[in-house]
Amino acid sequence: MEEEYKRVINITIIGVISWGLIFIIIRRIFANYSFDFSTRIVSTLHATTAVALATLSIQDWSCPVCPIASTSSLRQMETLAFSLSYMIYDLICSHFDQVISIDNAVHHSVCILGFVAGLFYQKCGSEMVAALWITEISSPFLHLREILKEIGYRDTDLNLAADVCFATIFSLARMVGGPYLVYVTISADNPILIKAMALGLQLVSAFWFYKILKMMRYKFIKRSMSNQKST
């Protein structure tokens with residue numbers, strides 16, 4: 001058990017340093033773009049890798065969240081440590097931006113607490129990796145929306161396509177897969193902190209789902225009015 005903790009700590013420390021170096025390199029390459037542009041590229045790299053690692057850590061494809069309430073496997077703990085390192089980096093990095101988002105700081109702090117709790121208990125690895133997959137699967141499209149705007153594709157068909165992809169994937173993952181995962185996590189013999197984190201994550205997802213619906217409604221109304229003016 002001590003060896004597993006050491007490995008998790010090493011992955012987390014090396015990960016924080018690595019994410020920082022990656023950001024510095026990307027910031028130098030895209031020096032003409034905003035601070036946010038570089039952070040979104042790093043976030044996309046993390047989300048893509050995290051989804052891949054979470055997928056590879058699935059033990060039973062007939063039941064992706066199984067075994068339920070079981071001891072976390074080493075691969076699951078490594079995956080969680082990988083994302084924990086990113087969350088710590090991103091929380092630190094956000095303080096160097098000109099605009100500090102309180103919502104973002106709270107979100108990252110809650111995620112860090114969840115990762116630490118899961119790694120400390122060394123339980124419910126299947127559920128936590130599934131939660132990581134659900135929360136990160138839509139992230140690349142979230143960041144793509146803003147990246148496209150900054151490189152000159154605001155209010156284009158390509159940007160709208162990215163919006164639709166993000167909204168669809170987010171809705172399916174968070175509002176279909178999410179409630180099922182929350183039910184499995186709460187009904188199983190998991191630590192109360194993990195159950196609370198699962199419920200909290202779903203409530204946050206529901207809030208963002210509502211905001212995304214309003215955003216897409218505005219986007220389509222705006223596009224419809226623009227088409228009517230052009231005709």
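A residue counts as buried when its relative accessible area is under 20%, as exposed when that area is over 50%, and as partly exposed in between. By this criterion, buried residues make up 43% of the 231 residues in the chain of this predicted model.

**Overall architecture**

The chain contains eight helices and zero strands. Followed along the sequence, its pattern therefore reads α-α-α-α-α-α-α-α. For a chain of 231 residues, a compact globule would have a radius of gyration near 17 Å, and the 19 Å found for this chain agrees with that expectation. Along the principal axes, the C-alpha atoms fill a box of roughly 65 × 40 × 30 Å.

Contacts across the sequence are a further feature of the fold. Of the contacts in the chain with a separation of 6 or more, 75% are accounted for by residues 24 or more positions apart.

**Surface and charge**

The accessible surface of the chain comes to about 12,900 Å², and 68% of this area belongs to carbon and sulfur atoms. The chain carries 19 positive and 17 negative side chains. The centres of these two sets lie 9 Å apart.

**Cysteines and the disulfide**

A disulfide is a covalent bond between the sulfur atoms of two cysteines. The disulfide joins C63 to C66, with an S to S distance of 1.9 Å. The torsion about the S-S bond of C63 and C66 is about 55°, so this disulfide is right-handed. C63 is buried, because its relative accessible area of 17% is under 20%. C66 counts as buried as well, at 17% relative accessibility.

C93, in contrast, is in no disulfide; its nearest cysteine sulfur, that of C111, is 16 Å away.

**Selected residues**

| Residue | Relative accessible area | Class |
|---|---|---|
| C63 | 17% | buried |
| C66 | 17% | buried |
| S70 | 17% | buried |
| A206 | 31% | partly exposed |

S70 is placed in the loop between α2 (35–56) and α3 (74–94). This serine is buried, with a relative accessible area of 17%. When its neighbours within four places in sequence are left aside, S70 is in contact with Q122, K123, C124, G125 and S126.

A206 belongs to helix α8, which covers residues 192–230. At 31% relative accessibility, A206 lies between the limits of 20% and 50% and therefore counts as partly exposed. A206 and S171 are 35 residues apart in sequence, while their C-alpha atoms are 9.2 Å apart in space.

**Helix α6 and the residue that follows**

Helix α6 spans residues 139–153. Within this helix, S139, H143, R145, I147, L148 and K149 are buried. The buried positions thus include the charged side chains of R145 and K149, because Lys and Arg count as positive. Just after α6, D155 takes a positive phi of about 60°.

How values were computed. Residues are numbered from 1 along each chain as its sequence is written. This is a predicted model: local features need pLDDT of at least 70, side-chain atom pairs count only at pLDDT 80 or more; totals for chains, interfaces and linings use all residues. Side-chain values use heavy atoms; hydrogens and water are left out. Helices (H or I, at least four residues) and strands (E, at least two) are DSSP runs, numbered from the N terminus. The radius of gyration is taken over C-alpha atoms; the globule rule is 2.2 Å times the number of residues to the power 0.38. Buried means under 20% relative accessible area, exposed over 50%, partly exposed in between (1.4 Å probe, protein chains only). Contact means heavy atoms within 4.5 Å. Accessible areas come from the Shrake-Rupley method with a 1.4 Å probe; for residues, only the protein chains shown count as cover. The place of a charge is taken as NZ of Lys, CZ of Arg, CG of Asp or CD of Glu. A disulfide is a pair of cysteine sulfur atoms within 2.5 Å.
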